[in-house]
Amino acid sequence: MNYKDMKFHMLDGGNRGICGKGCGRQNKQLNAYDWLAGTPGNIESTDLVEVQFKNTRKGYYHNVNNLDLKKGDVVAVESNPGHDIGVVSLTGRLVEWQMKRANLKPNEEIRRVYRLAKQVDIEKYEEAKSREQQTMIKSRQIAKDLGLSMKIGDVEYQGDGNKAIFYYIADERVDFRQLIKVLADAFHVRIEMKQIGARQEAGRIGGTGPCGRELCCASWMKNFVSVSTNAARYQDISPNPQKLAGMCGKLKCCLNYEVDNYIESGKRLPSREVSLHTLEAEYFFFKMDILAGLVTYSTDKNMAANLETITAERARRIIEMNKRGEKPETLTGTKERKQPERPKDLLADADISRFDKAKSRGNKGNNNGKPRNNQRNGQGNEGRRQGNRNGGRGQNRRNGAPQHSNENVKNNTPRSEQPTKQQ
């Protein structure tokens, strides 16, 4: 197949996938799933549209010109001053529900959509966006020179380039009147300052959380609810600040997701302060599995000893029996007592000399039955004897002594008197 003459069409915006109208993400944050997309009369029910700008900034506008707008269309909308460029992220009846979530009323002054963006509008928009990074770096240096205790986290230019929004973080109240004058003289645009929190900054920057998924504040969460350490306590999570903190340095927002279920499940469990009395011993609370409804008890109050796990219903039944002065035979209700596991000695049946045997077998196979150590020892002794001979000869030469054989020097006897070697 010849691919050179074929024409390819890149799918983007709301046209990706089989459910593009409903859940196409368009590379934008806080995208809402339009589950009413394609239903009869959905778009005609209202002229309101949701338009998304850089990162998490959204706006709601009237489609007064009755344009055929779809999810993913680039439009020019009314702004003050001039116009702005954004992407349509939602249409139809869901827009009114989104406005209720954002605490906006339809009767309030809502601006309008001018037109679909032209090529000239897009070029001017891209030119303005290309200046944002340098503007942010330079504005940080200006704020530092003025001695302001604030951090400028992001800069967003309006679509026509006549206005710039500076997002900053500050722990205290900041008087930035002088800063606005300096920024206006430096960049020759209208300046708007917006203070955001640490969670909003993390949502604008984006990233991946410890769970491996995209940050909730960058993908779908718009309204931030305060998170307390009580949420971790209800879910029986270790109070480790490093594990409880998110990318923004605050407590993770996901701690609030399941806390209600844990609170309801925790109401069915017995109190941790109540001990259970049986004919065998007294059992104290050790740990619990809140969602599974299981409670583990120990015979020692301060350490794990003879642990027994029972259901919450069984624990409440024993508590009622103890109130009546009755004691069950066992905690679990069965007569067979679970024997504690004894520690196992992994070397109990092992042979201490197993490594020696393996070593000897290896030497035997490599040296044809001859011990390898003896050969090494023999070679070493022969080398030492040869070295002594050479050392002796060298010393005699240095001292000027006559050269004699080692045997004559050693025995100090004439060569003729030495015993002959037997054949």
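User: Which residue in S2 stands opposite glutamine 52?

Analyst: In this predicted model, glutamine 52 stands opposite lysine 58 in S2.

User: How do you know that strand S1 and S2 pair?

Analyst: Pairing requires at least two bridges between the strands, and strand S1 (residues 48-52) is joined to S2 over 5 bridges in the antiparallel sense; therefore the two count as paired. Their hairpin has 5 residues between the strands, and there asparagine 55 takes a positive phi near 55 degrees.

User: What makes a set of residues the largest nonpolar core here, and which of them have the most contacts inside it?

Analyst: A nonpolar core is made of buried residues of nonpolar kinds, such as Leu, Ile, Met and Phe, joined through side-chain atoms within 4.5 Å. The largest such set has 20 residues, and those with the most contacts inside it are Met150, Ile152, Phe166, Leu179, Leu183 and Met193. Helix H4 (132-145), strand S6 (151-157), strand S7 (163-169), helix H5 (177-187) and strand S8 (190-195) each supply at least two of its residues. As one example, leucine 179 touches Ile142, Ala143, Leu146, Leu148, Met150 and Met193, with residues up to four places away in sequence not counted. In soluble globular proteins, nonpolar side chains tend to be buried together. A second, separate core of 15 residues includes Tyr283, Met288, Ile290 and Ile319.

User: What makes S9 and S12 edge strands?

Analyst: Strand S9 (276-277) and strand S12 (308-311) each pair on one side only, and they stand at the two ends of an open sheet whose 4 strands follow the order S9-S10-S11-S12 with antiparallel pairing. Within that sheet, strand S10 (residues 282-289) and strand S11 (residues 294-298) pair over 5 bridges, and the bridge partner of phenylalanine 285 is tyrosine 297 in S11. Helix H11 (residues 312-323) packs on the sheet, touching S9, S11 and S12, and its direction makes about 95 degrees with that of S12.

User: What lines the largest pocket, and which residues are closest to its centre?

Analyst: The largest pocket has a volume of about 780 Å³, and of the 38 residues that line it, Arg57, Lys58, Gly59, Tyr167 and Lys194 are the closest to the centre. Strand S2 (58-62), strand S3 (74-78), S6, S7, S8 and H6 each supply at least two residues of that lining.

User: Which residues of helix H6 are buried, and what do they pack against?

Analyst: In helix H6 (residues 198-205), the buried residues are Arg199, Glu201, Ala202, Gly203 and Arg204, and they pack against S6, S7 and helix H7 (216-219). Just after H6, glycine 206 takes a positive phi of about 85 degrees.

Notes:
Residues numbered from 1 in each chain as written. Predicted model: local features only at pLDDT ≥ 70, side-chain atom pairs only at ≥ 80, totals over all residues. Heavy atoms only, no water. Buried < 20%, exposed > 50% of the residue type's maximum accessible area, 1.4 Å probe, protein only. Contact = heavy atoms within 4.5 Å. Axes fitted to C-alpha atoms, helices over the stretch in contact; angles between N-to-C directions. 1 Å grid on protein atoms, 1.4 Å probe; cavity = no way out; pocket = protein on both sides within 12 Å on 5 of 7 lines; lining within 4 Å. Points joined across faces, edges and corners; volume = space filled by probe spheres on them.
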